[in-house]
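Reader: I am new to this structure and would like to go through it in short questions. Please show it first.

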Amino acid sequence: MLRVCLKGANSAARKCLCGNGVPLHPLQQCRSYTSGGSGSSAGKIVAASVFTVGGGVGGTILYANWDPKFRANVEKSIPYSDQLFGLALGPAAPPPVINKPRKVEPVQISSMSEVWKDSKHPKAKEVEKKAEQPDAEGPPAPAPQETLEAAAKCTECEHEPAVKERPEGEVAARLAEQDKAEQDLLTSLSSNLEDALGSTAKVTLQAIGAQEAALQAIAQHTRQLREAMEAEAPPDKKSTQWRVLEDALSERSRSVDEAGAAVLKAKAELDKLRGVIDGAKHLKIAAARPSILAAEENLHSMVVDLDSVVTRVQTAQSEAKIVSQYSELVNEAKAQFQKELNSITPEIQANWKGLTGKLTQDDLNSLIAHAHRRIDQLNRELAEQRVREQIHIDSALEQQKLEDKKALEVAISTALEHNREQMRLEQEKKVEETREVMEAEMRTQLRRQAAAHTDHLRDVLKVQEQELRSEAEEILNSSLMEKETEYRRLTQDQLDSFTLDMSAAYARLKGMEEAIDSHVIAEEEARKAHQLWLSVEALNYTLKTAALNDPTEPLEGAVQAIKESCAEDEFAQALATALPSESLSRGVYSEASLRARFYAIRQLARRVALIDETRNSLYQYFLSYLQAMLLFEKAQEAPPAKLSAEDLDTFKLLSYAAYSLEHGDLELAAKLVNQLKGESRRVAQDWLKEARLTLETKQVVSLLSAYANAVGLGTTMAP
Amino acid sequence: MANEHGQKWDRCLADSAVKIATGLGVGIVFSVLFFKRRTWPVAFGSGVGLGMGYSNCQQDFRSPYQLHGHRVKEP
């Protein structure tokens, strides 16, 4: 059976194993499939998560690239994101600095490029370059000025917040400092301005001089050219004339160049001056304003002079241009004539001036014919020329008009500029004046306010003085009064103290008398108490006189003594009367006697235990005697704290009572005996009565003695 | 009060004894005189005496507050 079971178990186990094993392989295969499948799905999941994260990050970066605020937020919230952003986008662009650079207008001196173009072309090109340079110089010259101004402005800006941060208490010091600084600045500024002005004036004068010289040269050249054109001098003079002309021309060009250079210099200096003035203006020192204004006026006048001179030079130049054009035309005509002459009489040489008399008759005839023809031609040409002249004049006029217009425009613009400048200067001057007026007025108002303030202060001080005086008087009076009262009080105190001493002494005397009296009383009381105690002791003693089986002496005597001794004491009287009369008359039994009697009572009570109130028959007596004989109980048994129903058996009660009696507790024994019923109770009644008497007497006596003791104690402690 | 019990018993016994003796005597007398020296009156008489004594005793014990007077002879 066991083997069968084992076999069955084995087979079952094996089946199980096989069962598990058979699907094991497919499971493995499945697992491989599932792992593959799971692998692919896992790969998909991984790829999806990577894409999501990458997309998120890329989107964040792109948006941060577009919105700098967003970038800042992200950088603040996500640590190390700023590094990522720096890597991806580069450092964040700092917030745009609000820069307000003051644009200094370069001094508008009429461009000399036109003038220089007219003088000479190759030189004009050089000069054009030079013309470009001042434009380049102009901005750089103002540019350093700009930076200076910007720097000055920045320092000014720095000044202002620093001023707000300083405490109010330093205002005076700061004002003094500021004044000093202002003074320093002012002096430096004025010196700067003067220097600049001096240099600029010098240079401008130089420029003006150069321009004048140029003007002179141009005029001379023009005159000479005109002379040369119009005068018909012999050829050698002409050549000298032309040479002189050429000299004059070179002179003119040179002077013009010089003038141009001087003007450049002057322009540069003026720009510098302008820059210095602007810098001074930026510092915003009020006191420097008139000097600044003066400097500006000077600048303006210099500019105006320079412009006028330049315009004069320009007009001269234009005139010279006209003359030169005229000369060119003349030369052209001469060349044309020469050509024609050459074409008609080729054998005659080019310069008809060189003809000296080498001509033959034919030549002369042909020459005369040619001359006539030439005259006709010339007449025709003249007529043609007249017409052309008209046209030319018209065109020249138009050109002149244009040029005039241009010059006018330029002049107008410069005049406008000058006017504007003038107006501006006047305005500034007026502003300055009004400012001064305002300042003066403000000063007067402030002075008035200060005066009013001082008046007010004076009044307030007066009022305060009065108040303080009245206060002081009050205080004085009150202190005086106080001192008087104090004095009075002190005298009164002295009197009082004296009377107090006297009364104290009297009171002491009285007290002593009273004390003596009370002492007497107390002693009386003590005596009485002693007496009481003595009588109580006597009573106690009489209690002790109880012999065995005999009562004590009658306590009457002692009680009487007590009554006599404490005639006034109600408590003692009450107690004394509380004694039972039997004790007084007959005396009481002692405890020992009672104890002894008890055993006899006990025996009797045992014998009549079965007899109850109905006074059973004699047979019952016989039975109870039998019971008493046969029943054995403990001689003494400790009574329990609470009596139960079964404890009320006679025998038990008696044993309890015996125990308590043996242990001196008469009271408890009496209580227990009181619980007896029937005949036993009747039998024990006598004993009980005696016991009661004894107990009562003892109680009263103990009370009395305690009272006497208390009284004695009370009296011995002196009041 | 304790003695009362003893006294009672004394009295009772004395009384019973007297009564029994009296009964006996009367019984004897009657037996001799009237009943031809039979014993039954003696028994009867003693029994009567005993019974009376018993009854008295009982009565005495049952009535504790009954006083027994004593004649005091004046000298």
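Author: One definition comes first: buried means under 20% relative accessible area, exposed over 50%, and partly exposed in between (1.4 Å probe, protein chains only). This is a predicted model, in which local features need pLDDT of at least 70, side-chain atom pairs count only at pLDDT 80 or more, and totals for chains, interfaces and linings use all residues. Residues are numbered from 1 along each chain as its sequence is written, chains are lettered from A and ligands numbered from 1 in the order in which they are written, and side-chain values use heavy atoms, with hydrogens and water left out.

Reader: Is A:E297 buried, exposed or partly exposed?

Author: The relative accessibility of A:E297 is 31%. Buried is under 20% and exposed is over 50%. A:E297 therefore counts as partly exposed.

Reader: Which residue does A:E297 meet in a salt bridge?

Author: A salt bridge is a side-chain nitrogen of Lys or Arg within 4 Å of a carboxyl oxygen of Asp or Glu. For A:E297 the N to O distance is 2.8 Å, and the partner is A:K429. The pair links distant parts of the chain, 132 residues apart, with A:E297 in helix α9 of chain A and A:K429 in helix α10 (residues 361-544) of chain A. Helices are DSSP runs (H or I, at least four residues), numbered from the N terminus, and the partner asked for is A:K429.

Reader: Which residues have the most contacts inside the largest nonpolar core?

Author: A nonpolar core is a set of buried Ala, Val, Leu, Ile, Met, Phe, Trp, Tyr and Cys residues joined through side-chain atoms within 4.5 Å. The largest has 31 residues, and those with the most contacts inside it are A:L273 and A:I277.

Reader: How many salt bridges are there between chain B and chain A?

Author: Contact (heavy atoms within 4.5 Å) involves 13 residues of chain B and 14 residues of chain A. Over all chains, the whole structure has 26 salt bridges. Between chain B and chain A the count is zero.

How values were computed:
Helix = DSSP H or I, 4+ residues; strand = E, 2+ residues; numbered from the N terminus.
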